[in-house]
Amino acid sequence: CVMCASACLRMSVVQGMSGSRFVAFAQQKGLCMTAAGAVVDGNVEGGKGALKDVRKRDVDGRVRSFEEIPHTGRNGWINLVKFWRENRFQQLHKHMEQTFNALGPIYRETVGTLSSVNILLPSDISELFKSEGLHPRRMTLQPWATHREIRNHRKGLFLKNGEEWRSDRLQLNKEVMLSEAMKRFLPLLDDVAKDFCRMLQGKVERDGRGKESKSTLTFDPSPDLFRFALEASCHVIYGERIGLFSSSPSLESQKFIWAVERMLTTTPPLLYIPPRLLVQVGASLWTQHATAWDHIFSHAEARIQKAYQRLTSSQGRGSVTKGQYNGVLGQLMEKGQLSLDLIKANITELMAGGVDTTAVPLQFALFELGRNPEVQDMVRQQVRTSWAQAGGDPRKALQGAPLLKATVKEVLRLYPVGITVQRYPVTDIVLQNYHIPAGTMVQACLYPMGRSTQVFEDPLRFDPGRWLGSRRGDGAGFRSLSFGFGARQCVGRRIAENEMQLLLMHILLNFRLSVPSSDDLKTNLTLILQPETPPKITFSQL
Ligand code: HEM
């Protein structure tokens, strides 16, 4: 309104997430400011239930203080003990869902030394991202940072902030995010996906049962999917095939897969206690975490050395064919914009971030397609037509199959790899009519959002079609955030999306999927959301 159009500048002392006090000049709007996303006629998204009540309480039109935000208990250490005792680290996604149900669409939580404000409505999330600034910041994964500091490794973009982050990020965007880069790596991903399906055909023929050359096999495909994701990552990142679909895949690669898994599982409990403290007391949790990272680093180091020698020797012999693609590593080395140390740091992060993040959603995808045969048939129908018209061009095939893209989006809505996206707003903001000081850690909670009736119609139904067609309204663009948002969104997004879509496409062209049990999957959180027990899938040759 006209009266609050003239915002006033106010100096406020605000409480940062780490408890440090600092003074910020914050833009604080006048009295008649509405809650982020509240619409004039009083309707809220979804229009029903608890959320409406929260806003109704605001009768005096006052912006409520940070302290008034509903919370789960002021003492972080008591909360930490509860988390340990009730094994809540593994069920944090469910804990968040229950807490939103109990406290409404915004709450504060302190666990150990970590405090956050948690939100789930798209309109609030959109308000948060408006204030992320030029150098958006996520919660630092302190155990990862401490490992780099103790071992004297450089940090890659995942762990960097400010101008340092931005300069690495701009270089990496050119190699993995831009459409020119996608054109280069798409055929590599397609080759790996096709080889995977050949391997799967062999396995089903060899071990399956059936007649007239149509066999069926039921098994847990998760170990194969991890191998697929590692093979695909190595091909795109190092420009190298490592033969993981052979009958005797290397033990070294299997060890890498185990190390990433260990590194992920040991991260969450370490987030709530200062890692330096654990280093000093030689806690076994810390030792396991650091050893897992050491393994990841040495695996990457060996591959980088090999690729470096290959590249320099072929350059020396003048045998690098112009236009030949040597993976992301080759591109970064050729361009020479990043030092070798920084290339190593970033490539190692891409490798650590690139395997489980795609292998796990693929398990969920096969399961959901298996237990929803009508959806599976619709997607297959579209994929078949598109593949037939694409003349073997994977890019065209994907472009002609929007339902396949929507399938991946739908899988990540129900099973987001990372259950939250965090930001520290650079100015004060107002969410649900509560004042949030600049510098507060705010988490957009993707798992509860994906399952909220306030945000999605019939949220538990697996329905990729819900993503087709345009949608308008408050925060409509902020319902699918599994890769994060804006300049700091997942840098591996294009690799991940294409890798998953291509694999699903080739599987659907070759097999009918079903599941021996269509009960809901129980999930656990390591650092990423995983099935408690990997689901068995039945693959029937078409
Ligand atoms: C389904 C698969 C994946 C999902 C859902 C996912 C999700 C995410 C999310 C939510 C973020 C934080 C974004 C933000 O703060 O806005 C992120 C960051 C990141 N991801 Fe992924 N990711 C996936 C696959 C990958 C792959 C395949 C790679 C590597 C090839 C990768 C590497 C990274 C890196 C390096 C960052 C840090 C980017 C930065 O800070 O600038 N991710 N990812």
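The exercises below, each with a worked solution, concern a predicted model.

Residues are numbered from 1 along each chain as its sequence is written. Local features in this predicted model need pLDDT of at least 70, side-chain atom pairs count only at pLDDT 80 or more, and totals for chains, interfaces and linings use all residues.

**Exercise 1. The chain as a whole**

State how many helices and strands the chain has, and what percentage of its residues is buried.

Solution. Helices (H or I, at least four residues) and strands (E, at least two) are DSSP runs, numbered from the N terminus. The chain has 20 helices and 14 strands. A residue is buried if 20 or more other C-beta atoms lie within 10 Å of its own, exposed if 12 or fewer, and partly exposed in between, with C-beta atoms placed from the backbone. Of the 542 residues in the chain, 43% are buried.

**Exercise 2. Helix α4**

Determine whether the length of helix α4 agrees with expectation, and explain why its buried residues line one face.

Solution. Step one concerns length. The expected span of a helix is 1.5 Å times one less than its number of residues. Helix α4 (residues 92-103) has twelve residues and should therefore span 16 Å; its end C-alpha atoms are 16 Å apart, which agrees.

Step two concerns burial. The buried residues of α4 are His 93, Met 96, Glu 97 and Phe 100. Seen down the axis of α4, these buried residues fall within an arc of 100°, so they line one face of the helix. The arc is that of the directions from the helix axis to the C-beta atoms. An α-helix has 3.6 residues a turn, so residues three or four places apart point the same way.

Step three concerns the surroundings. The exposed residues Gln 98 and Ala 102 are carried by the face turned away from the buried side of α4. The cover over the buried residues includes β4 (114-119), β10 (442-445) and α19. After α4 comes Gly 104, with a positive phi near 100°.

**Exercise 3. The partners of strand β4**

Which strands pair with β4, and in which sense?

Solution. Two strands pair if DSSP finds at least two bridges between them. First, β3 (residues 106-111) pairs with β4 in the antiparallel sense over six bridges. In this pairing, Glu 109 stands opposite Ser 116. The two strands form a hairpin with two residues between them, and Gly 112 in the turn has a positive phi of about 60°. Second, β4 and β10 run parallel and are joined by three bridges; here Val 117 has Val 442 as its bridge partner.

**Exercise 4. Cys 490**

Locate Cys 490 and decide whether Cys 490 is buried or exposed.

Solution. Cys 490 lies in the loop between α19 (446-450) and α20 (493-510). Cys 490 is buried, because 20 other C-beta atoms are within 10 Å. An unreviewed UniProt entry lists Cys 490 under "binding site"; UniProt positions are given in the numbering used here, feature names are shortened, and annotations may be inferred rather than shown by experiment.

Conventions:
Two residues are in contact if their C-beta atoms, placed from the backbone, lie within 7 Å.
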